[in-house]
Amino acid sequence: MELNKLFDEYYEKSYIQGGTTCCPGCGGPLFWRLALEVLGANTILYGDGPCAYCAIRNIKLPTFGIHFSFAADGATGIAAALRVKGRKDITLVSSAGDGATGDISFGKVSAAAERNENMIQICVDNEAYMNTGVQKSGLTPFGAWTTTTPLGKEAPKKEIPMILAQHKIPYVATASVAYPKDFQKKIIKAKGIEGFKYFHSVIPCPTGWRFDPAKSIEVIRLGVQTWAWPLYEIEGGILKLTMKPKRRPIEDYLKAQNRFRHLTDDQVKHIQAMTDQKRERLLQQDGKRIIF
Amino acid sequence: MDGNEAAAWGAKLSRAEVIPAYPITPQTELISQIAALISEGIMDAEYIKVEGEHTAMAAAIGASVAGARVFTASASQGIAFMEEALWMPPGRRLPIVMCMVNRAMAPIGGLRPDHNDALMQRDTGWIQLYCENSQEVIDTVIQSFKIGEDKRVCLPVAPCYDGYFVSATATPTTIPDQSEVDDFLPPYVHEMYNIMPGEHKPTGGSSDIAKARYEVEKAHERARGIIEEVDKEFGKRFGRCYDGLIEEYNCDGAEAVLVTMGSMTGTARDVIDEMRGKGKSIGLVKLKGFRPFPTEEFRKLGKKYNAIAVVDRNNSYGSAGGGIVSMEVARALYALDDRPLLVNFQVGLGGSDVTMRQIEYMAEETLEAVETGKVKSVVDWVELHDLGEVM
Ligand code: SF4
């Protein structure tokens with residue numbers, strides 16, 4: 001009873017409705033809850049991409065979407081209309097999933113970044129086309145099982161935050177729903193910056209990653225702790241790691257999800273080597289200008 | 001002034017606020033002209049130089065739902081590339097205006113005009129108005145905003161005109177006065193769909209699909225009258241009008257009519273004048289509005305004339321029944337008890353010239369059909385004949 005009251009009170013004030021069309025344990029609704037708490041009422045949400053959108057459907061703020069092949073472009077038009085109307089007070093958020101951001105709308109996100117459109121471009125990344133039933137995307141990690149990569153994905157995950165940083169946009173951040181304070185600090189920062197801000201968060205997807213929904217936060221936290229998904233920001237071209245966990249074997253993260261259960265020891269070793277390399281490189285560059 | 005410049009001035013005079021555009025031949029001069037008008041301070045608009053037509057239409061949609069008056073333009077492959085987005089403005093009832101500067105589709109085409117690029121979008125829900133020359137382009141762009149934004153319509157409008165023949169051919173054009181256009185076309189107030197915080201209205205659920213589609217259909221129904229109404233008002237203010245969806249030219253007492261669309265109408269006027277002078281009983285009908293289709297108007301024509309000859313500058317592979325316009329005309333005429341002969345010609349494909357001799361040939365063939373009471377072939381590919389000397 002007490003718990004129900006707590007929920008009711010929270011959702012009464014919240015911009016997201018209680019209850020959701022997402023699967024149990026999905027990181028999507030949590031993502032939007034955290035984001036909306038700091039975005040505030042004066043926000044327009046543009047976007048689509050089915051799984052990311054499942055959660056958006058329950059949002060009480062104005063939302064508009066077309067299809068997942070339309071990332072960032074409609075928001076470009078909204079941004080222009082807001083300039084015409086002199087509405088500097090409105091925060092414009094443009095959301096897309098990993099399939100939109102990394103594959104079908106990759107060029108659109110890149111072009112909006114190049115034009116430095118005034119919006120926060122978000123990637124809610126569940127690492128595959130989940131709404132259509134778990135198909136590989138450009139942001140599916142190496143080795144992961146999906147229905148179109150039954151033997152594991154052959155290529156590594158595209159480094160979208162780094163690619164977008166090379167567009168010389170004012171702000172890039174990676175985040176995780178397991179670290180809400182870090183997550184919200186970055187949204188608040190993005191909100192205060194003019195121009196194109198890119199915010200990318202991997203979210204736990206128990207359905208597609210094949211794990212117990214009760215373990216969502218545990219799994220996604222392991223992603224950060226093992227450096228599978230490092231947390232950083234790039235502001236004005238300078239890299240800053242916002243979380244520098246001690247080295248932890250990648251196996252801990254891989255073992256927690258059945259999408260990796262077919263991996264051979266050699267493959268795990270390969271993933272470990274790649275992750276170590278990434279970790280060392282990031283630690284070396286921490287605090288330095290990485291965009292020229 | 002050429003057609004592209006006229007369209008740019010039409011957008012400027014209409015005070016379009018957001019222009020997302022991507023260049024494609026033969027539309028490029030239009031969007032360069034708009035960029036020039038803005039950079040010279042003559043026009044005040046947000047010009048978004050997008051990375052492709054798919055984004056051009058998506059940005060147009062975004063700007064329109066946020067309440068801006070939006071103009072853009074494309075052609076051929078560009079229109080095809082944005083097709084996914086073209087379904088959105090009618091469904092969301094957004095009165096975007098986009099010029100379609102007609103150009104053939106690849107691969108059997110080239111850069112010159114035919115109408116397949118626009119006609120293949122006939123089912124998306126856009127109003128399509130075909131223009132004959134620069135003057136009609138500038139006037140139609142201004143009228144299009146008024147038609148599309150009318151509360152009884154709320155639909156996107158495409159003024160269409162032939163690449164090169166209209167887009168790049170300079171003809172004497174009167175530029176309407178800005179203050180008069182302002183009187184004619186008040187600022188855009190959008191009501192159907194609104195995403196501004198505090199004002200937004202949620203959209204209906206999927207259970208209303210048939211109803212929502214029927215609403216779009218009804219909007220097209222109403223648009224027929226409103227296109228005429230707007231044209232008449234325009235005529236009163238500016239001294240030029242275009243007779244709404246179709247224009248009958250030199251038809252008095254004629255037994256048969258040729259139906260043309262776009263730039264070839266200008267050539268056809270001269271040929272028909274000459275033939276009427278020689279006592280030939282043939283008139284001309286210019287089809288301006290393809291969507292909404294002037295069904296009733298064609299039924300009236302069907303009662304008046306013994307033969308209707310449709311000149312299609314497009315083709316529909318495998319239809320075995322002529323071009324797209326002739327199929328529409330056939331459907332309109334079918335409801336008549338006493339149907340006229342329907343003659344179908346295909347000509348000017350891929351932008352080849354429609355010559356005076358070809359028009360004369362089509363007129364003669366049509367009159368022969370009237371005489372014999374028989375149409376020779378389901379569709380006549382005019383360019384496959386050697387017609388000898390150019391008239
Ligand atoms: S499939 Fe995954 S991302 Fe989609 S709703 Fe379910 S848990 Fe969330």
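Predicted model: local features only at pLDDT ≥ 70, side-chain atom pairs only at ≥ 80, totals over all residues.
Colleague: As what does A:Arg87 count at 26% relative accessibility?

Modeller: Residues are numbered from 1 along each chain as its sequence is written, chains are lettered from A and ligands numbered from 1 in the order in which they are written, and side-chain values use heavy atoms, leaving out hydrogens and water. Buried means under 20% relative accessible area, exposed over 50%, and partly exposed in between, with a 1.4 Å probe and protein chains only. Because its relative accessibility is 26%, A:Arg87 counts as partly exposed.

Colleague: With which residue does the side chain of A:Arg87 meet in a salt bridge?

Modeller: Side chains of opposite charge can pair when their charged atoms come close. A salt bridge is a side-chain nitrogen of Lys or Arg within 4 Å of a carboxyl oxygen of Asp or Glu. Here the N to O distance is 3.0 Å, and the partner of A:Arg87 is A:Asp89.

Colleague: How many residues apart are A:Arg259 and A:Glu127?

Modeller: The side chains of A:Arg259 and A:Glu127 meet in a salt bridge at 2.8 Å, N to O. This pair links distant parts of the chain, with the two residues 132 residues apart.

Colleague: Are B:Glu136 and B:Lys286 buried or exposed?

Modeller: B:Glu136 forms a salt bridge with B:Lys286, their closest N and O atoms being 2.6 Å apart. Both belong to a network of salt bridges that also includes B:Arg269. As for accessibility, B:Glu136 and B:Lys286 are buried.

Notes. Helix = DSSP H or I, 4+ residues; strand = E, 2+ residues; numbered from the N terminus.
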